[in-house]
Amino acid sequence: MKIPRLKIFTLSFALCWALVATAGELTVSAAASLGAPMRQIAALYEQRHPGETLQLNFGASGALLQQIANGAPVDVLATADQETMQQAVQAGLVDAAARVNFIANRLVLVLPAQAAALPKDLADLAGASYQRIALGQPASVPAGRYARAALERAGLWERLAPKLIFAQNVRQALDYVARGEVDAGFVYASDAASAGARVKLALEVPPGSAIVYPAAPVRAGARPREAQRFVEFLRSAPSREVLLRHGFSAL
Amino acid sequence: MQGAWIPLLLSLKVAGLATLINLLLGVGTGYAVARLRFPGRDLLDAALTLPMVMPPTVLGYYLLVLVGAHGPLGSWLYTQFGIRLIFTWQAAVIAAAVVAFPLVFKSARAAFESVDAKLEEAGRTLGLSEVSVFWHISLPLAWRGVLAGLLLAFARALGEFGATLMVAGSIPGKTQTLAIAVYEAVQAGQDDVANFLVGITSVTSIVVLLAAGRLMPGRLPRRH
């Protein structure tokens, strides 16, 4: 029997490709607010486990969940809220038992660096000097959901509705503020810290429920043991130190 | 599903106005580049075609930097007229017009170039002014090609997403066009809304493309 040479070549090439692509690779889908610290944590993890590489995918927690629900090859999911993770558990995408909380955050109101005056409380946002207020799209962005809850409790949601600009993720809301395209925006304390002098911190917003980030291995992932190891690493002292340095808060 | 029609109407309004802008700008520049000889003509042609090949996010960023609060045009508009463009439906029109412009420009240029120069020359020898030559000879002969370009531009404007999202955001009922409403529905896992929106987008696009196909210059009977 003669196997065509081209076929052998193609097959061996495909095999090599598959080996290269899967050897020690872990895909992590993380909330947009985890951006910079997650990159550092990934570098730390790769240092400690030679041969392992982490692929990081950032987005709004809700968007990440939809990607996984639609079959995206993800090994670890880290969201900015309990609600999205709960939806993942209910959809059978992650195991409730494997889920761990690893860090907390605070919701703040920020203003562009050029802002002349700072609001004293949320009610000031109803004033004429605040024409546009950015927050994450509540349907898919946890930071937006926390902001909506805070505004609803303050009885301001209906009144502010015409001024609200919905961002695709919390970093976009931050960018809108930093560029001066909106007059104020709801972001995490960690986002405000990352923006430095580009935004002014106006006030801390009580979000209602605590903002606690959970992570879990994705059931359909190809490497469950390594995924679990990375989730544990997120909880370890070196990771926590990186996160605290970026403006997150201890659990 | 009641509210799902709002993004369609908004998309039609935005795409319609963007096409109207392109009718003036695209036909004007198309005619100028087809008929005038001047240094840097090829460079101008390339620059005007650029929006067709550049990623819409790049255009969106250019627009954001240009008409944003700190941009040269944006800050001028604000201090002179108190206009803030970002996050308005007008910004969506600008984004759609820029992205779809090359389709009108290219079609118009090709259509004007296919007009027999002898016919225009004949008009001139009979005493017509340049303006009359354009209105009574060039434009009527090039009209079908121009119209096909306009319909393609309308279809492209209807589907514009990247640049629009960057400069107009996604405000329900104000700047949330069809393409962006689909994106939001998928992100939020609202598959029923997404299915409905995708359905009406597909039907609308097919209707526009069928109309454009019927007007394509290739289907014209030979003129002479």
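In the predicted model, strand 5 (residues 107-112) and strand 8 (residues 184-188) of chain A are paired in the antiparallel sense, with 4 bridges between them. Within this pairing, Leu107(A) has Tyr188(A) of strand 8 of chain A as its bridge partner. Helix 7 (residues 170-178) of chain A packs on the sheet, where it touches strand 5, strand 6 (133-136), strand 7, strand 8 and strand 9 of chain A. The direction of helix 7 of chain A makes about 140° with that of strand 8 of chain A.

The sheet itself is open and consists of 5 strands of chain A in the order 7-6-8-5-9, with mixed pairing. Its edges are formed by strand 7 (164-167) and strand 9 (199-205) of chain A, each of which pairs on one side only. From one strand to the next, the twist averages 35°.

At the level of domains, chain A is divided into domain 1, comprising 24-104 + 211-245, and domain 2, comprising 107-205. A distance of 26 Å separates the C-alpha centres of domain 1 and domain 2 of chain A. To the contact between them, domain 1 of chain A contributes 15 residues and domain 2 of chain A contributes 17 residues. On the side of domain 1 of chain A that touches domain 2 of chain A, the elements giving two or more residues are helix 2 (35-48) and helix 3 of chain A. Helix 3 of chain A gives the most to this side, with 3 residues. Classified by residue type, the side of domain 1 of chain A that touches domain 2 of chain A holds 7 nonpolar, 7 polar and 1 charged residues.

Helix 3 (residues 61-69) of chain A also takes part in a helix-helix contact, as its axis and that of helix 4 (residues 82-90) of chain A come within 9 Å and cross at roughly 15°. Because of this angle, helix 3 of chain A is roughly parallel to helix 4 of chain A. The crossing of helix 3 and helix 4 of chain A is right-handed. In this contact, Ser61(A), Gly62(A) and Leu65(A) of helix 3 of chain A meet Thr84(A), Gln87(A) and Ala88(A) of helix 4 of chain A. The residues of the contact between these helices comprise 2 nonpolar, 4 polar and no charged residues.

Between the chains, the contact takes 14 residues from chain A and 13 residues from chain B. The side of chain B that touches chain A divides into 6 nonpolar, 6 polar and 1 charged residues.

Technical notes. Residues are numbered from 1 along each chain as its sequence is written. Chains are lettered from A and ligands numbered from 1 in the order in which they are written. This is a predicted model: local features need pLDDT of at least 70, side-chain atom pairs count only at pLDDT 80 or more; totals for chains, interfaces and linings use all residues. Axes are lines fitted to C-alpha atoms, for helices over the stretch in contact, and angles run from 0 to 180 degrees between N-to-C directions. Angles under 35 degrees count as roughly parallel, over 145 as roughly antiparallel, 65 to 115 as roughly perpendicular and the rest as oblique. A crossing is left-handed if the near helix is turned anticlockwise from the far one by less than a right angle, and right-handed if clockwise. Two residues are in contact if their C-beta atoms, placed from the backbone, lie within 7 Å. Ala, Val, Leu, Ile, Met, Phe, Trp, Tyr, Cys and Pro count as nonpolar, Asp, Glu, Lys and Arg as charged, and the others, Gly among them, as polar. Domain bounds come from an automatic or database domain assignment. Two strands pair if DSSP finds at least two bridges between them.
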